[in-house]
Amino acid sequence: MKLVHVSQPVTAGVAAVVLELAVAQRDRGWSVTIVCPPSGRLAGRARDLGIEVRGWTARRAPGPGSLAEAVRLRRLLADLDPDVVHLHSSKAGLAGRLAVRGGRPTVFQPHLWSFETASGPLRRASAAWERFASRWTDLVVCVSDDELTAGRAAGVTAEAEVVCNGVDTSRFVPGDRTAARRRLGLPEHAPIAVCLGRLAELKGQDQLLSAWPEVLRRLPGAQLVFAGDGPMGPVWRERHPVAGHASVHWPGHTDAPSAWYTAADVVVLPSRAEGMALVPLEAMACARAVVAFDVGGMRQSIADAGAVVPAGDVGLLAGAVVARLADPGLARREGERGRRRVELSFERGRMTDQIAALVDKLTPSERLS
């Protein structure tokens, strides 16, 4: 089997999934190449792990250069001549399907539909494109039931399967909270909420900042950590009234997320939209309670391992955070349930095996002989 993964995102959750799939498929004996922008963590990490990488210059957002990106990708794919092309996220989904146009088996994994993050004419245009591109898509892989429902509601007719994201339960494990706090320079006995992820509008950290004064009113000793970096970080730190409060910490990018999960009493996801986020699964694997807004995949992943509150309701978000910071027993029980849930339903090997089985079905046997 010769397979090419194409991804424009080179950081965060999409890149992590691409890398997990590529390594697992390489270990199955497949020939695997990742096509992605040459700068960024995905290309470097893939090469470190022995995965072939081909550089593809592409911007994250669609625009006048998208056609040229599709042409460059078409040339790369013609040279690589894969049995299957696996496209990840919206830009690769656009350029890749324009490049291939049904000429070889094509898998598209949105990781969050583009029309769910747009509004007005752009939203309508994005949904229309997905309906049209169904003719060039042999399989859509959705990461949650919510994502599949949204696609069908928008008129996407391609064959589709749900394969939930998975995490490495040998890497993300329960650990010593006090030791983690000492290592990270956090107060050992304070109630601590952690929000880990890219600092971006879609991830909604500003909504958690808006909820934080109510948390402090009810629990004055609480601490909040934003572990991550991104384009909105400087903006929020400068403009949001509570961003500079002594209880709010901005340590920046981390290559050791498990340490922050371990240090937390509760992990918070105030996202505006998701496909199925990796952060709650990682936090649950570390036996930490999770509080999140009710956006794509959150109810399916978290269940009884925390609280999922109506999207955008910062008052309910604050209340759910306080409930777990003020009651360590509740947070501990939810964390223990989360660990068991991830082991049973969201382990990395389950995800990679499911996708490998689906890809196998797309490939004519004579192509592999």
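**Exercise 1.** Determine in which loop Asp81 is found, and state whether this residue is buried or exposed, or in between.

*Solution.* Step 1: Asp81 is found in the loop between helix H3 (66–80) and strand E4 (84–88); helices (H or I, at least four residues) and strands (E, at least two) are DSSP runs, numbered from the N terminus. The model is predicted: local features need pLDDT of at least 70, side-chain atom pairs count only at pLDDT 80 or more, and totals for chains, interfaces and linings use all residues. Residues are numbered from 1 along each chain as its sequence is written, and side-chain values use heavy atoms, with hydrogens and water left out.

Step 2: The relative accessibility of Asp81 is 35%, so the residue counts as partly exposed. Buried means under 20% relative accessible area, exposed over 50%, and partly exposed in between (1.4 Å probe, protein chains only).

Step 3: The phi of Asp81 is near 50°, a positive value in a residue other than glycine. Most residues other than glycine have a negative phi.

**Exercise 2.** Describe the phi, the place and the accessibility of His111.

*Solution.* Step 1: His111 is not a glycine, yet its phi is positive, about 60°.

Step 2: His111 is found in the loop between strand E5 (106–109) and helix H5 (120–133).

Step 3: The relative accessible area of His111 is 12%, so this residue is buried.

**Exercise 3.** Describe the places and accessibilities of Ala12 and Val18 in helix H1.

*Solution.* Step 1: Helix H1 spans residues 12–27 and holds Ala12; Val18 is also found in H1.

Step 2: Ala12 has a relative accessible area of 49% and is therefore partly exposed. Val18, with a relative accessible area of 0%, is buried.

Step 3: Leaving aside neighbours within four places in sequence, Val18 is in contact with His5, Ser7, Ile34, Leu42 and His88; contact means heavy atoms within 4.5 Å.

Step 4: Val18 and Ile355 are 337 residues apart in sequence, and their C-alpha atoms are 12 Å apart in space.

**Exercise 4.** Give the order of the strands in the open sheet, and identify its edge strands.

*Solution.* Step 1: Six strands form the open sheet in the order E10-E9-E8-E11-E12-E13, with parallel pairing. Two strands pair if DSSP finds at least two bridges between them.

Step 2: The edge strands are E10 (248–252) and E13 (306–309), each of which pairs on one side only.

Step 3: From one strand to the next, the twist averages 20°.

Step 4: Strand E11 (residues 266–269) is joined to strand E12 (residues 289–293) by four bridges, and the two run parallel. Val266 stands opposite Ala289 in E12.

Step 5: Helix H11 (residues 278–285) packs on the sheet, touching E8 (192–196), E11 and E12; its direction makes about 175° with that of E11. Angles run from 0 to 180 degrees between N-to-C directions, and axes are lines fitted to C-alpha atoms, for helices over the stretch in contact.

**Exercise 5.** Characterise the crossing of helices H8 and H13.

*Solution.* Step 1: The axes of H8 (residues 205–218) and H13 come within 8 Å and cross at roughly 50°.

Step 2: H8 and H13 are therefore oblique to each other. Angles under 35 degrees count as roughly parallel, over 145 as roughly antiparallel, 65 to 115 as roughly perpendicular and the rest as oblique.

How values were computed:
Left-handed = near helix turned anticlockwise from the far one by under 90°.
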